Amino acid sequence: MIPSIHKRGSETIGLIRYLYGPGTEEEHIDPHLVAAFDPLTPDPGRDPKTTYEQLQRLLDQPVNTLPVDKRPEKHVWHLSVRAAPEDPVLSDEDWAAIARRMVAATGIAPDSDEQACRWAAVRHADDHIHIIATLVRDDGRRPRRHNEARRAQAECRRIEADYGLRRVAPGDGTAAKRPTSAERHKAEREGREQPAREELRETVRRAVAGATSEEEFFDRLAAAGLLIRKRVAPSGDLLGYKVALPDNRNGEKEPVFYAGSTLSPDLSLPRIRKRFSGDSDAPSQSDSTPSARFSGPAAAWRSAATAAWHALLIIDNGEDGQVAAHIAAAGEVLDALAKTSAAHTRDQLREAAFVFERATRSHIKAERGHDGALRQAARDLVYSGPALGRGEDGATTAMAIDMLFFLVTATAHWHAKKTHAQQATAAHKAAEHLRTAYHAAADAPLGVLYQRGRRLSQPLRQKQAAHLRAAVPELAEQILAEPGWHALAATLADTESAGHDPAALLDKAAGRRELGTADSISDVLVWRLRRLADLPADATTMPDHIPAVAKGSGRVVSSAPNRDDLPRKTR
């Protein structure tokens, strides 16, 4: 249940007319009173003889009894309380009880206070109510509303428990503004997949992902088809911007513009400029640049995997400001993936980026300049073009998603330790979408590796098993029992053929993160090893390892693959 305290107003009659009217998008249905300060309060929605002005005069009476110079200029208080979409439809009696609890919790009308402010609760939809109050008590004093927003949130958490509603994680005031009911109804009526506010927020986030200048940012907005309105000071300095969808119009057929800061706190122009200011300070990383043998989307995905690998160290051990910057930059990488991914992973990656957006902000200030590798990875993804979803592109996609899954999971753990409940929840949800996208990307390339591993000679498989037991003795038997072991054995053989020490690479691949939390440890090690050894992610481009020949017999010593012995999904 979400409470929203709106800006105070100066005209009681104006808000009453809105609450009882059809709504800006004709979305109000059966407006009526569910509760008020006085049970005998007239209801213009159900009593045809009652006018809006009568209700207004009743609510405004304490204000009007004050001398004109003592009356507050902004005396109209407005709170909306909305249930979650999956919650059951509450009765008028339930909403009436909730309204009384909310005015008591916020200090508008404390329990048993006969001199409290006057208020009325109006319902014009199944899922929410509006409470209007005037901010002068019957005794002429002002109400005590200190920390009213926090107290409203706390009371909603108690209401959720009492009514068995969806439990919303406590907020910290850093969330982006949710679409209003009018915006949602308009989107439904016009057949849009999402309200204009959300579509614009996603588009702006993708435009800023990896951008290095204001010019580039605005060029991307224009290329995405948005209408742009810039706010310029008399000096010529750019102060801010607004964006609109060309086909989202108001009643006067004019575009509906949204300021960047109203889409999300971190999309204001000053906050965007801070991203650009730290780009020149990006730290160098020895293995952050893919080999020249890879190009296009495959190189960009490898760059993203490497940047995520390094970011894991920061999230585990870095200062809070550095961690916050890396988490925000990880959001840019996900936004870039949502724009450039292949069709079979696109929907899940878009959902991952959409929900992870909430995890990119908290009250911990990001120290820009430490996130250069991730921001460069996002930029590489944007300019590498769309991935094909097959061959090296498709296999490298699985490699990157695997590493980003760990990065997002680490983000969830970090937020949880900081008691950032909403951010931790958002990161966990993003990880689940990444898990699904991983399956879509990894099944084919891992299947190829699995079959190559099955064709290895028995001595060669035993040799790789020995490397495994030496590097991760505590996990070796679990890995050997996984269906993915054959793919890992083939990868270890590939690293050795490429001139690497398999045991040393295994030790490095296993050392960065605890592997016991992975659903398929062998999968994780496959992608880490292939990246560290600079091997193609798509094993179809590599020759099979020639099995040993039994001396004097000409017979190949290997285990033939069984037709039905296919790899299973393990993540």
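Strands (E, at least two residues) and helices (H or I, at least four) are DSSP runs, numbered from the N terminus. This is a predicted model, in which local features need pLDDT of at least 70, side-chain atom pairs count only at pLDDT 80 or more, and totals for chains, interfaces and linings use all residues. Residues are numbered from 1 along each chain as its sequence is written, and side-chain values use heavy atoms, with hydrogens and water left out.

β6 and β7 pair in the antiparallel sense over 6 bridges; two strands pair if DSSP finds at least two bridges between them. Select R229 and its bridge partner in β7, K242.

The three strands make an open sheet in the order β6-β7-β8, with antiparallel pairing. β6 (227-232) and β8 (258-259) are at the edges with a single partner strand each, so one side of each has no neighbour in the sheet. β8 pairs with β7 (residues 238-244) over 2 bridges, in the antiparallel sense. Here V243 is opposite Y258 of β8.

Show helix α7 (residues 214-223), which packs on the sheet and touches β6 and β7; its direction makes about 15 degrees with that of β7. Contact means heavy atoms within 4.5 Å. Axes are lines fitted to C-alpha atoms, for helices over the stretch in contact, and angles run from 0 to 180 degrees between N-to-C directions.

Move to helices α6 (residues 196-208) and α11 (residues 320-340), whose axes come within 8 Å and cross at roughly 105 degrees. The pair is therefore roughly perpendicular, the term for angles of 65 to 115 degrees. Select R205, R206 and V208 in α6, which meet G331, E332, D335, A338 and K339 in α11.

Last, select helix α4 (residues 148-163). At 1.5 Å a residue, its 16 residues should span 22 Å, and the end C-alpha atoms are 22 Å apart, which agrees; the expected span is 1.5 Å times one less than the number of residues. Colour E148, A152, E155, C156, R157, I159 and E160, which are buried, meaning under 20% relative accessible area with a 1.4 Å probe, protein chains only. The buried residues of α4 pack against β1 (2-5), β3 (76-82) and α3 (92-105).

Key: Angles under 35 degrees count as roughly parallel, over 145 as roughly antiparallel, 65 to 115 as roughly perpendicular and the rest as oblique. Buried means under 20% relative accessible area, exposed over 50%, partly exposed in between (1.4 Å probe, protein chains only).
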